[in-house]
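Please look over the sequence and the structure shown here before reading the report. The sections can then be followed with the model at hand.

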Amino acid sequence: MRFLVRLIPDLGHVSAREQLRASAGALVGIAVTGFASLLILGPDTVVPLLVAPMGASAVLLFAVPSSPLAQPWSIVGGNVSAALVGIGCRMLVADPLLAAAVAVCLAIALMFVLRCLHPPGGAVAVTAVLAGPSADALGFAFAAIPIGLNSVLLLAVALVFNRLTGRRYPHLRPAEAPNAHGTLDPPPRERVGFTLADLDAVLKAQGKVVDIDRNDLMAILTKAEHEAYRRRSGDLTCEDVMSRDVVTISPTTTIDEAWHIIQDRDFSVLPVTRDDRTFVAMLSRENFIEAVGKGIGRPSLRAGKRLANGLDKGFSTQMTVDSIVSKDSRKAFAHTSIAELVPFLASARLHHIAVVDETDRLIGLVTQTDLVMALFRGDMGEATNTGAA
């Protein structure tokens, strides 16, 4: 009995909502594909309006749309190429059973070569061999109608349905993200732990088909790593490590005043808040540099002086900081685990996070230094406990 239980695959937790979404998608996909084929081909056509392998394609497109086997090129290229192989084997091999076996074999090999592996393609190859008189009448056109037509229609429904239900489809291969500094160094988050190159090396050593996009797999493993950070950091939250006596400025503070506070007190950032301490944005030294880099020229930050040689003649040090602050400043709460800040503070352009309460009032500030020291103390404590044991 235990052995029989072990035969049941472990799919992990799939929510009832996701199960309903996938089932409803298949219903809509097959129904629309069938009725659209009827409208296109007409009720008197001898061509099958719907071929059985489309049911298997629907499972992939609506239940596991992130799979490499369910991507647009996989369904169209896989089904059409398998149909062409099946028709060829029907014409060249007299025995139907042998023709079906050879067709599946060659279809899989061709799909590997064309990088469009699609499991229903095997069924398409068998269908093309055993289709009957309609396949003889159509010849290789059978690959276009009904196979190609059904595949394209089902794919079109999947594109719309997945988008409307909040699922990302298709899963495009990500573009190469350049280093923000224009150097060859990988981003900080990719310099520790495992990398995509490490994952590729393992997959290459395995030499097997993995039914998940490698970038999705990398994202899952990275989130698991962050979860491990959270577990190792224990109960440490922003409230435990944040600075509480935070100097702030208002949105109406002039650029000149803000610059002198940053310079005189050697700050990297200044939170911008309203009179009731409601957080507005974060003003950093980089904001001044960006303002200058937009063609302002060589700045003279003396009060009341217009920036010399500026292209924007309206720019003055008497302008308010609201005109140059970063509007998309990240925020955290006192109860936020410090491990949750790792992805943000590992960014090359984010070094501080404002901590706010439930009413969005500023109560503290967490810096990269705070995070490093907290994780360092946690690791040291863990190492000490291990040594004591």
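The report below covers confidence, helix packing, a strand sheet and some backbone details.

## Basis and confidence

This is a predicted model, in which local features need pLDDT of at least 70 and side-chain atom pairs count only at pLDDT 80 or more, while totals for chains, interfaces and linings use all residues. Residues are numbered from 1 along each chain as its sequence is written, and side-chain values use heavy atoms, with hydrogens and water left out.

The pLDDT, which is the predictor's confidence in each residue on a scale from 0 to 100, averages 81 for the chain, and 79% of the residues score at least 70. Over residues 295-314 the pLDDT is below 50, and this stretch has 42 contacts in the model beyond near neighbours in sequence, where contact means heavy atoms within 4.5 Å. Residues 379-389 also have a pLDDT under 50, and for them the model has two contacts beyond four places in sequence. Where pLDDT is low, the predicted coordinates should not be read in detail.

## Helix α2 and its partners

Helices (H or I, at least four residues) and strands (E, at least two) are DSSP runs numbered from the N terminus. Helix α2, residues 16-41, packs with helix α8, residues 144-164, at an angle of about 135°, and their axes are 9 Å apart; axes are lines fitted to C-alpha atoms, for helices over the stretch in contact, and angles run from 0 to 180 degrees between N-to-C directions. The two helices α2 and α8 are therefore oblique to each other, given that angles under 35 degrees count as roughly parallel, over 145 as roughly antiparallel, 65 to 115 as roughly perpendicular and the rest as oblique. Their crossing is right-handed, a crossing being right-handed if the near helix is turned clockwise from the far one by less than a right angle, and left-handed if anticlockwise. Among the residues that make the contact are Val28, Val32 and Ile40 of α2, and Leu149, Leu153 and Phe161 of α8. By class, the residues of this contact of α2 with α8 divide into 13 nonpolar, six polar and one charged, where Ala, Val, Leu, Ile, Met, Phe, Trp, Tyr, Cys and Pro count as nonpolar, Asp, Glu, Lys and Arg as charged, and the others, Gly among them, as polar.

Helix α2 also packs with helix α3, residues 53-63, at an angle of about 140° and with the axes 9 Å apart, and α2 and α3 are therefore oblique to each other. Here α2 passes α3 in a right-handed crossing. The contact is made by Glu18, Arg21, Ala22, Gly25, Ala26, Gly29 and Ile30 of α2, together with Met54, Gly55, Ala58, Phe62 and Ala63 of α3. These residues of the contact of α2 with α3 comprise seven nonpolar, three polar and two charged.

## Helices α5 and α6

Helix α5, residues 96-114, and helix α6, residues 120-130, pack at an angle of about 145°, with their axes 8 Å apart, and α5 passes α6 in a right-handed crossing. In α5, the residues Pro96, Ala99, Ala100, Ala103, Val104, Ala107 and Met111 meet Gly121, Gly122, Ala125, Val126, Val129 and Leu130 in α6. The contact of α5 with α6 has 11 nonpolar and two polar residues, and no charged residues. Arg115, which is placed in the loop between α5 and α6, has a positive phi of about 60° although it is not a glycine.

An open sheet of three strands has the order β3-β4-β5 with mixed pairing, where two strands pair if DSSP finds at least two bridges between them. The edge strands, each pairing on one side only, are β3 (331-333) and β5 (362-367), and the twist averages 35° from one strand to the next. Strand β4, residues 352-356, pairs with β3 in the parallel sense over three bridges, and Phe333 stands opposite Val356 in β4.

Ser329 is placed in the loop between α13 (285-293) and β3. Its C-alpha atom is separated by 9.7 Å from that of Pro271, 58 residues apart along the chain. Not counting residues up to four places away in sequence, Ser329 touches Phe279, Ala281 and Met282.

## Cis peptide bonds

The peptide bond from Ile145 to Pro146 is cis, with omega near 15°, and Pro146 lies in helix α8. The bond from Tyr169 to Pro170 is also cis, with omega near 0°, and Pro170 lies in the loop between α8 and α9 (196-206).
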